[in-house]
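Welcome! Let us take a walk through this structure together, one piece at a time.

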Amino acid sequence: MQSDNMRKAAISAVIIFCLSPILSAEQNGLAQSFLDKARKVKAADSSAVASSKSEPGIQTQEEYGNTISSSTLSLIRPPKDEEPTQVIPQGEVETQTAKEEIVNTDKPDASASVKTPQFKKVEKNAPQKIKEPGHGIKWIDSSTRNFSIKVEPQTSGIMTPNLGMKFETVYQILSKNISWMMSGKAKVYVYQNRQSFLKNEPVASSWSGAFFSPTEDRIVMYDEPNNTSKMLSQFTHELTHLFVEEFYNPPSEGYKLEPPIWLNEGLAVNMEDISSSTKGGVWANDLVVINIISQSEKLKLLSRLRSGQGLTAEERRAAASNMVTAKTVVFTNFADFVKSSSYDIAERKGDVENWYFQAYAMVRFLFRSKNSNYPDKRIQFEQFTKLMKTFEDKKDAKGNVMRDEHGRKIKKRMSTEAALKKAYGFRNMQDFEAKFWKWLIEMQRQERQKIKNAQF
């Protein structure tokens with residue numbers, strides 16, 4: 001009953017602030033005062049964290065009510081021509097030859113009647129010749145335990161001191177969270193400034209601060225001595241992408257398996273966020289104060305409003321007591337969100353920021369549901385990520401194993417739903433989503449109460 005009341009409060013909040021201007025000016029002022037109070041409390045908390053030496057981290061400015069941190073806006077998905085082509089292995093993947101033919105059945109409409117398979121040749125362990133970037137720049141080489149670093153010489157100004165040590169600090173943060181994904185030295189190119197970065201990297205956008213190139217297996221960025229926290233936050237994001245890419249595409253394999261984009265980006269944002277504080281930064285704060293509702297609930301509410309049903313006095317009071325800020329975000333149904341097309345749909349709608357926010361929230365729930373210094377669901381999450389790179393027999397509607405025209409079993413990548421069921425015990429995607437909302441509503445209730453009591 002208590003959970004139902006909290007959910008009604010959250011839904012009422014969305015109706016009030018997103019779907020219809022019903023709240024009185026007094027109630028709106030109350031919500032705004034909570035937001036201002038939260039910012040003041042967080043500012044004091046950030047000062048305390050900065051003075052503490054118990055945990056090395058990357059300090060960055062944090063603010064409530066923003067769906068995406070300012071640094072993350074420069075990290076949105078690498079350019080499309082930088083993304084690897086996904087090839088799904090079918091049948092028994094053999095290793096005898098340098099090239100092999102594999103059946104490509106990455107088709108959602110594949111049926112029991114197997115059509116003529118499409119074959120793609122895949123290079124195995126073929127080293128790619130990479131042209132040194134920078135148009136003749138005489139890079140300064142340095143090396144640390146986990147990084148091979150090339151830095152463009154400074155023509156003016158100074159460079160961030162101990163850059164390699166700062167990269168190693170980021171590495172240690174990731175190793176405490178996703179150690180099973182990490183292997184080998186990472187290559188990093190650091191331009192002296194933004195102008196040189198944009199001049200010498202054709203794929204870099206004007207808003208870009210850093211990017212990871214999976215085709216060249218390198219992180220590219222530029223030095224920002226006056227904004228080290230932002231630079232390292234970007235570096236954390238891109239380093240996570242590098243490790244995710246290598247985890248799903250180890251050099252020993254002969255096919256390209258593109259990581260699920262929601263998992264790839266959601267994990268990168270989570271790692272970026274905890275690099276500022278072990279309990280999370282801007283994204284964790286926004287997950288508390290921003291009002292979030294599901295797509296299905298939004299449709300129900302719209303139907304209710306269109307039918308002429310207004311808010312009851314009880315719903316008004318519940319919403320007013322639960323609000324911290326007026327900002328509202330609608331999350332896509334999870335079964336649709338985990339599809340590879342969800343990002344492109346969000347991009348066409350101009351809704352990329354909220355797409356990232358949902359990816360962060362879903363991975364956060366699966367990996368770190370509590371505000372603790374250690375991911376409380378690390379074991380399940382590790383198993384889940386490993387399951388998402390495995391293959392299983394493709395079966396028809398009757399449960400029979402499907403075979404290609406050569407009699408080989410057709411393999412398909414394990415679905416997100418199946419991986420979630422094995423790793424977490426969720427019955428299906430709807431069960432996953434239902435448990436997510438139960439967690440989110442209770443977490444927001446507890447954390448918002450702390451804000452109102454000035455005990456963040």
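Is Asp-217 buried, exposed or partly exposed? Asp-217 is partly exposed, with a relative accessible area of 27%; buried means under 20% relative accessible area, exposed over 50%, and partly exposed in between, with a 1.4 Å probe and protein chains only. Before going on, please note that this is a predicted model, in which local features need pLDDT of at least 70, side-chain atom pairs count only at pLDDT 80 or more, and totals for chains, interfaces and linings use all residues. Residues are numbered from 1 along each chain as its sequence is written, and side-chain values use heavy atoms, with hydrogens and water left out.

Asp-217 sits in the loop between E6 and E7. Labels like these are DSSP runs numbered from the N terminus: helices (H or I, at least four residues) and strands (E, at least two). The phi of Asp-217 is near 55°, a positive value in a residue other than glycine. Asn-162, in the loop between E4 and H3, also has a phi near 55°. Most residues other than glycine have a negative phi.

Now for the sheet. Five strands form an open sheet with mixed pairing, in the order E3-E4-E5-E7-E6; two strands pair if DSSP finds at least two bridges between them. E3 and strand E6 (210–213) are at the edges with a single partner strand each, so one side of each has no neighbour in the sheet. From one strand to the next, the twist averages 20° (axes are lines fitted to C-alpha atoms, for helices over the stretch in contact, and angles run from 0 to 180 degrees between N-to-C directions).

Strand E3 (residues 140–143) pairs with strand E4 (residues 147–151) in the antiparallel sense over four bridges, and three residues lie between them in a hairpin. One of the bridges joins Asp-141 to Lys-150 of E4. On to E5 (residues 186–191), which pairs with E4 in the parallel sense over five bridges; here Ser-148 has Lys-187 in E5 as its bridge partner.

Helix H3 (residues 163–175) packs on the sheet, touching E4, E5 and strand E7 (218–222), where contact means heavy atoms within 4.5 Å. The axes of H3 and helix H5 (residues 228–248) come within 10 Å and cross at roughly 55°. H3 and H5 are therefore oblique to each other (under 35 degrees counts as roughly parallel, over 145 as roughly antiparallel, 65 to 115 as roughly perpendicular and the rest as oblique). Among the residues in their contact are Phe-167 of H3 and Phe-235 of H5.
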